[in-house]
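Let's take a friendly walk through this model, from its open space to its helix packing. Please keep the viewer at hand as you read.

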Amino acid sequence: MSRPDRFRPARPPSRVGQLGPAAGLTAALVAGIWGQEVADQLLFGGSLDRYGILPRDGGSFWNILSAPFLHAGFGHLMANTVPLAVLAFMGAVRGAGRFVAATLIIVLVGGALVWLFGRGGSVHLGASELVFGFLAYLLGVGWWERTPVAIGVAVAAFALYGGILWGVLPGNPYVSWEAHLFGFLAGLLAAALLHGRRPRRAAGQNGVPFR
């Protein structure tokens with residue numbers, strides 16, 4: 001006699017099925033940033049950089065939406081491309097919808113904090129805000145979920161790029177450590193908001209959780 005379906009444990013969604021959407025999102029993100037920079041350099045002479053964040057300048061507040069996708073030349077862009085692609089893919093595999101939501105939180109919250117507290121008289125731009133945000137997001141998911149997969153991804157992300165965390169400290173005057181710091185904090189916030197509630201284990205016939 002077969003066991004009723006309602007007594008079967010729920011199966012977690014397969015991560016294999018997320019590989020295609022994750023790769024697509026990552027490719028779209030990287031292609032968009034590169035396409036923008038090519039157009040900026042070849043068609044606009046780098047003038048699009050004025051849409052970076054100018055702290056506490058009322059007319060530039062909404063530049064928080066464009067600043068993470070702008071770069072001060074191809075050297076700046078190339079330095080961000082590989083860590084951005086790797087961390088974005090690792091985050092998107094966790095779920096495309098939540099990855100998009102996490103990206104929006106990082107852009108909005110991280111950018112707003114840079115606008116409020118960043119050094120004045122300078123333009124803050126670059127995907128490093130996203131790089132630090134995605135790293136924090138993966139570490140935060142590992143902390144909140146505490147499943148073997150989440151912890152494994154967090155450990156891998158830290159092993160690959162944990163060394164960049166020194167970038168949240170003031171140092172090179174030409175580097176926006178503020179975008180690094182506030183992007184990281186926004187990534188932690190995204191992990192808490194999107195993964196803070198751990199999924200309950202499916203209950204068996206007598207209410208005993210399946211293990």
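**Pocket, cavity and helix contacts**

By class, the lining of the second largest pocket has 12 nonpolar, 7 polar and 1 charged residues; here Ala, Val, Leu, Ile, Met, Phe, Trp, Tyr, Cys and Pro count as nonpolar, Asp, Glu, Lys and Arg as charged, and the others, Gly among them, as polar. Before going on, note that this is a predicted model, in which local features need pLDDT of at least 70 and side-chain atom pairs count only at pLDDT 80 or more, while totals for chains, interfaces and linings use all residues. Residues are numbered from 1 along each chain as its sequence is written, and side-chain values use heavy atoms, with hydrogens and water left out.

The second largest pocket is lined by 20 residues, and His76, Leu125, Tyr174, Val175 and Ser176 lie nearest its centre. Helix H2 (74-92) and helix H4 (128-145) are the elements that give two or more residues to this lining, with H2 giving the most, 4 residues. Helices here are DSSP runs (H or I, at least four residues), numbered from the N terminus. The volume of the second largest pocket is about 370 Å³, where a volume is the space filled by probe spheres set on grid points joined across faces, edges and corners.

On a 1 Å grid over the protein atoms alone, a cavity is a set of points where a 1.4 Å probe fits but cannot get out, a pocket is an open set with protein on both sides within 12 Å along at least five of seven lines, and lining residues have an atom within 4 Å of a point. The largest cavity has about 40 Å³ of space, and its lining includes His124, Leu125, Gly126, Ser128 and Glu129. That lining divides into 5 nonpolar, 3 polar and 1 charged residues.

Now follow H2 to its partners. Its axis and that of helix H1 (residues 19-43) come within 9 Å and cross at roughly 165°; axes are lines fitted to C-alpha atoms, for helices over the stretch in contact, and angles run from 0 to 180 degrees between N-to-C directions. H1 and H2 are therefore roughly antiparallel to each other, a label for angles over 145 degrees.

Leu84, Leu87 and Ala88 of H2 and Val131, Phe134 and Leu135 of H4 are among the residues making the contact, which has 11 nonpolar, 3 polar and no charged residues.

Finally, the axes of H4 and helix H5 (residues 148-161) come within 8 Å and cross at roughly 150°. That makes H4 roughly antiparallel to H5. The residues that meet include Leu135, Leu138 and Glu145 in H4 and Ile151, Ala154 and Phe158 in H5. By class, the contact of H4 with H5 has 11 nonpolar, 1 polar and 1 charged residues.

Terms used: Angles under 35 degrees count as roughly parallel, over 145 as roughly antiparallel, 65 to 115 as roughly perpendicular and the rest as oblique. Contact means heavy atoms within 4.5 Å.
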